Amino acid sequence: MTSDQHRPRFHFTAPTNWINDPNGVCFHAGRYHLYYQYNPNAAKWGDIHWGHASSADLVHWRDEPIALAPTPGGADAGGCFSGSFALVAGQPTLYYTGYTAQRQVQCAATSDDLQHWTLQPARTITTPPPGVGVQDFRDPYVFRHDDRWYMVVGASLHHARGQCLLYRSDDGIAWDYRGPLFTSPDLTLGRMWECPNFFPLGDRWVLTVSIWLGLGAHWFVGRFENEVFVPESDGVLDLDAGAFAHLTMQGPDGRTLQWAWMNEQREQARIDADGWAGAMTVPRELSLDARGRLNLRPVAEIAALREAPVDVTTSGAQRGVVATFAGRHLDIEATFTIRSVHDSQKLGLTVLASPDGSEVTRIVFWPDARRLSIERARSSTDALVRRQDLHGTLLLDEGEALHLRVLLDGSVLEVYANDRLALATRVYPVSEASVLGSVFVEGEADVALQVWAMGSLHEGPRSVLARPTQD
Ligand code: FRU
């Protein structure tokens, strides 16, 4: 796979085969742990296990043995669906959804070393509350608050609107249902909410949900009072489900770190041929800005994977092009100071362009429309990959410059704008020569640009790691 030009280097993927949601992220005994939904036997969704990787520094990751596997005849016989980690009275515990064709239940497994996990069948939450179907009940997120344990579970009320359910426990073992934490006020936010994540940030609480079925992710910022969430503001977390199933943890230094899953955007035939599917976003650090908006940026540690500055040529060769560079695994910082805003003015970057122009991906900001887009129509000449555009809204304050952080990694493209709008997607140019990049300005703006080549996050060669035997 090292010769696969679409395979990322500094975004996490499984050694082979399929991954989806990040699960059970935590920092324990000096290491960060990233678990993930994993099919060890095929590059498509199914037979869901929990894969596992760990890191001392958030930058370099090593593969660990498979953590959870479906138990034949058990509550998770059909798959170990998404969930979270908690240290319960000193005992590492995973809470996750056990899936069978009949129903979804909330399971718990314990471990002493974060590698060998033992299902605790007596702790299973077997029945959803009234109004919630047995297949609309998943993805427990457990957290500590007011000296008690709380669990939020993703659900659908009457299979019609998204809902987050709240459970409470004194010991992390026996759980009481407390009622809905929050129910979607709006039918446009999907029929069901998956992977709810609920955490304090600054002086507020944040709820993020993924909209079933793959329709995007939304954030809410508000208050947590009397065991109910009261939202004060909300917005799009990731457009178009470019990243999905967001999950946070608190780092040892108090930072709130978030991962999300980036699905493939190509036909299964292509995926089967390559033998792997899915990647994680880089870890993001979350914060609230002065206006209570959710802000997000790649963690500072990512800069440790910068290998060398890439040569930037400043050229006036083509109208509007102010700089050119090349590469397929890049960290780019571009700041545009816009001097005046007028109609049809646009600026941005192109990446993964072929010399003949047949392939190109464009990241475009229209100051007048306050719109940031990733244009994928010409990103690949392959008809079996998705190529629709992504559009986000970005309001700049008076005099505020546009800052774009672009993480390009083979087929993975993440764009962070002014730490408050993230666009994530996948692009699959066919030509090996599609490595050219540029910065363009049609209008009046000054540009500062830095480009780095990026190294690998994996600590050496990778192989699929079998599940450790229980002894
Ligand atoms: C989200 C999701 C979760 C579920 C898991 C199964 O992508 O559908 O709701 O637990 O994936 O793999």
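**View 1. Who sits around the ligand.** In this predicted model, the ligand is surrounded by Asn20, Asp21, Gln37, Trp45, Ile48, Phe81, Ser82, Arg138, Asp139, Glu194, Phe244 and Trp261. Sort that shell by type and you get five nonpolar, three polar and four charged residues.

**View 2. Polar atoms facing the ligand's oxygens.** Take Asp139 to start: a polar atom of its side chain is 2.5 Å from a ligand oxygen. Asn20 also uses its side chain, with a polar atom 3.0 Å from an oxygen of the ligand. With Ser82, look at the backbone instead, where a polar atom is 3.1 Å from a ligand oxygen. On its own the ligand has 320 Å² of accessible area, and the protein covers 91% of that.

**View 3. A cis peptide bond.** Most peptide bonds are trans. Now check the link from Trp212 to Leu213: this one is cis, with omega near 5°. You'll find Leu213 in the loop between strand 14 (204–212) and strand 15 (217–225).

**View 4. Two residues with positive phi.** Most residues other than glycine have a negative phi. Asp47, though, has a positive phi, near 45°. Asp47 belongs to the loop between strand 2 (31–39) and strand 3 (49–55), and its relative accessibility is 37%, so it counts as partly exposed. His158 isn't a glycine either, yet its phi is positive at about 55°. Look for His158 in the loop between strand 10 (148–157) and strand 11 (161–169). His158 counts as exposed because its relative accessibility is 60%, and the cut-off for exposed is over 50%.

How values were computed. Residues numbered from 1 in each chain as written. Predicted model: local features only at pLDDT ≥ 70, side-chain atom pairs only at ≥ 80, totals over all residues. Heavy atoms only, no water. Near = heavy atom within 4 Å. Polar contact = N/O pair within 3.5 Å; in protein donor to acceptor, adjacent residues only side chain to side chain. Areas by Shrake-Rupley, 256 points an atom, 1.4 Å probe, with all protein chains shown as cover. Nonpolar A, V, L, I, M, F, W, Y, C, P; charged D, E, K, R; others polar. Helix = DSSP H or I, 4+ residues; strand = E, 2+ residues; numbered from the N terminus. Buried < 20%, exposed > 50% of the residue type's maximum accessible area, 1.4 Å probe, protein only.
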